[in-house]
Amino acid sequence: MAEIITEKLSHVYSAGTPFESTALHDVSISIPQGQFAAVIGHTGSGKSTFIQHLNALLQPTEGRVLLDGQDINKDKYTRRDVKRKVGLVFQYPEYQLFEETVYKDIAFGPSNMKLGKEEIDERVREAAAFTGVSEELFERSPLELSGGQKRRIAIAGVIAMRPEVLILDEPTAGLDPAGCAQIFENIRCYREKSGATVLIVSHSMDDVARLAERIIVFDRGAVVMDGTPAAVFSRAKELMEIGLSVPKAAELAVALRDCGVGLPEGIFTHERLLAALLQVREGRKC
Amino acid sequence: MEPIIVFENVHFNYPGDEKESLHGIDLSVTRGSFVAVLGQNGSGKSTLAKHMNAILVPNEGRVLVDGIDTADESSVLDVRRRVGMVFQNPDNQIVANVVEDDVAFAPENLGVEPKEIRRRVNAALRLVGMYEHRMHAPHLLSGGQKQRVAIAGVIAMEPEIIVLDEPTAMLDPQGRREVVDTAFSLCRGKGMTVVLITHHMEECIDADRVLILSEGRLTADGRPEEIFADKALLEREGLEQPETARLLRELREAGMKFPGEALKIDDCANRIAQALQAEERSRSSWQKSSPKS
């Protein structure tokens, strides 16, 4: 299982043209093996550029990306190795389904790894189980299934390669609340059972607050905050100022403090908010 | 309260599908109102929306838009002029290379006079806050900006009704706010009828009315305060109660008293702060008076 480190990573798009723009600036970050980290930031903050560096889809303009201590853009690693170790699920991955059947689609990655038939079969079933794709669907065409099902099949296709690092770019965008909850549960389950490092880009702050151990905030190509959900969301006001949303409970806590209710810092879940309010009420009774 | 869209016992199933996508919908939308539609993926929300401008017509029952039966093929254009649609993916809705050309596309096709097109395009772009970007290339805009250009393109037809089918699903929180604020300003400022289909409950809290669709049936219909206070209903529909409503409910269960519901963050915080102060006042007055008794 793998640790990812970026050292002074910078990326400039269209360098030397009138459209030159710096998307990442001096990003040094280390994500230890097995961590569940969330990357947040608004559109254009550089978060997608960042994650595309982690499996060598983009090359740094400056700086390095290390996987288990080795530079992923140097000879020792082939592109193929990197892409197998670091699985990237793009936004709207269901648009990338193309095979005739669900089974073949999930099997596409492992089939390219020159594995035996049995091994492929085992991995397909395992990945389908992780993502809640029923085996009854295996012979159906993925294109005729619902959006939520397609999304989970696409994620299964990446999980079937048993990546050591799993990166997902907004995996719940466009799904209904039940569909979102299911995807988050699938990811949590994969991480727990496989020990993989998981990096997730998401706008669903309430889910991020609940699941991630660490939150990395991007703004204008740089990391502006990095810490536990409690540490990051206790700066709810700053997050809102750079145009990000925060968990509703954190937003309410900010509004309550503005109304003169003396709440402690670090409130970002419903349970904590409720408990803190009841405590304030008890305190005033004495 | 004049109805502008009326569904009468509407049934619909897609060709080859055994199950009905709409299962006897009766609905009447008041002119100038803001109606939000919630429901899970596959509940029939988009199918419902597509019946509002005759992209789909019922297998049974009928849909009237401003009194026109959408099944009457000779009036399809009259229906579509009245009802503008905005879809989920902004990239699929933009046809031109310059923002203002894109907005002009519909009125050009309707044969509107060039001078009038100019006026409408400018007005529409100002309304959605994209006038400054009128000479830009759409593909270089953010998702929220693109979606506002798509809305401007619809407004330039001067429809009476605008139907937005998950317009914010692909946007970040900021883009989402831009689009929803624009939709509300069209309704409150311009008197347009707006139907907003969404998964995001916080986008519905200012609506006049919230509908919940489930397996092709309307399972709830009421003011946002009513709908979001009903925990059992939301659970049944796979929706989570908004944080504000949930907090007030649980504080009530713990014995605090609040008048009515407050779905907005600031309103909710104010209610709670006031309730805490009120409790304190009643206690201190009780403490002052108690030694005498």
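So, the buried residues of α3 in chain B pack against α4 (114-127) and α5 (143-155) of that chain. Contact here is C-beta to C-beta within 7 Å, with those atoms placed from the backbone. Before I go on: this is a predicted model, so local features need pLDDT of at least 70 and side-chain atom pairs count only at pLDDT 80 or more, while totals for chains, interfaces and linings use all residues. Residues are numbered from 1 along each chain as its sequence is written, and chains are lettered from A and ligands numbered from 1 in the order in which they are written.

Okay, back to α3(B), which covers residues 99-109. Helices are DSSP runs of H or I, at least four residues, and strands are runs of E, at least two, numbered from the N terminus. Which residues of α3(B) are buried? They are Val99(B), Glu100(B), Asp102(B), Val103(B), Ala104(B), Ala106(B) and Pro107(B). Buried means 20 or more other C-beta atoms within 10 Å of a residue's own; 12 or fewer is exposed, and in between is partly exposed. After the helix comes Gly111(B), with a positive phi near 75°.

Now its partner α5(B). This helix has 13 residues and spans 18 Å from first C-alpha to last, close to the 18 Å expected at 1.5 Å a residue; the expected span is 1.5 Å times one less than the number of residues. And 13 of the 13 residues of α5(B) are buried, so the rest of the structure largely encloses that helix.

How do the two meet? The axes of α3(B) and α5(B) come within 7 Å and cross at roughly 35°. Axes are lines fitted to C-alpha atoms, for helices over the stretch in contact, and angles run from 0 to 180 degrees between N-to-C directions. On the α3(B) side, the contact uses Val99(B), Asp102(B), Val103(B), Phe105(B) and Ala106(B), and α5(B) supplies Val149(B), Ala152(B) and Gly153(B). By class, that's six nonpolar, one polar and one charged. For the classes, Ala, Val, Leu, Ile, Met, Phe, Trp, Tyr, Cys and Pro count as nonpolar, Asp, Glu, Lys and Arg as charged, and the others, Gly among them, as polar.

Among the contact residues are Val102(A) and Phe108(A) of α3(A), and Ile153(A) and Val158(A) of α5(A). That contact has six nonpolar, two polar and one charged residues.

On to the sheets. In chain B, six strands make an open, mixed sheet in the order β6-β7-β8-β3-β9-β10. Strands pair if DSSP finds at least two bridges between them. At the edges, β6 (83-86) and β10 (217-222) of chain B each have a single partner strand, so one side of each has no neighbour in the sheet. Neighbouring strands are turned by 20° against each other on average, ignoring direction.

Inside that sheet, β7 (161-165) and β8 (193-197) of chain B run parallel over five bridges, with Ile161(B) opposite Thr193(B). Our friend α5(B) turns up again here, lying across β6 and β7 of chain B at about 165° to β6(B). Then α6(B) packs on the sheet too, touching β3 (34-38), β7 and β8 of chain B, at about 155° to β8(B).

Chain A has an open antiparallel sheet of four strands, ordered β2-β1-β4-β5. The edge strands there are β2 (21-31) and β5 (70-71) of chain A. β1(A) pairs with β2(A) over seven bridges, and Val12(A) has Thr22(A) as its bridge partner. With β4 (62-67) of chain A, β1 (4-13) of chain A makes five bridges, and Ile4(A) sits opposite Leu67(A). Helix α1 (47-54) of chain A lies across β1, β2 and β4 of chain A, at about 125° to β1(A).

Last bit, the interface. How many residues does each chain give? It's 33 from chain B and 35 from chain A. On the chain B side, the elements giving two or more residues are α6 (173-190), α9 (243-253) and α10 (265-289), and α10(B) has the largest share, eleven residues. By class, the chain B side has 13 nonpolar, eleven polar and nine charged residues.

Conventions:
Contact = placed C-beta atoms within 7 Å.
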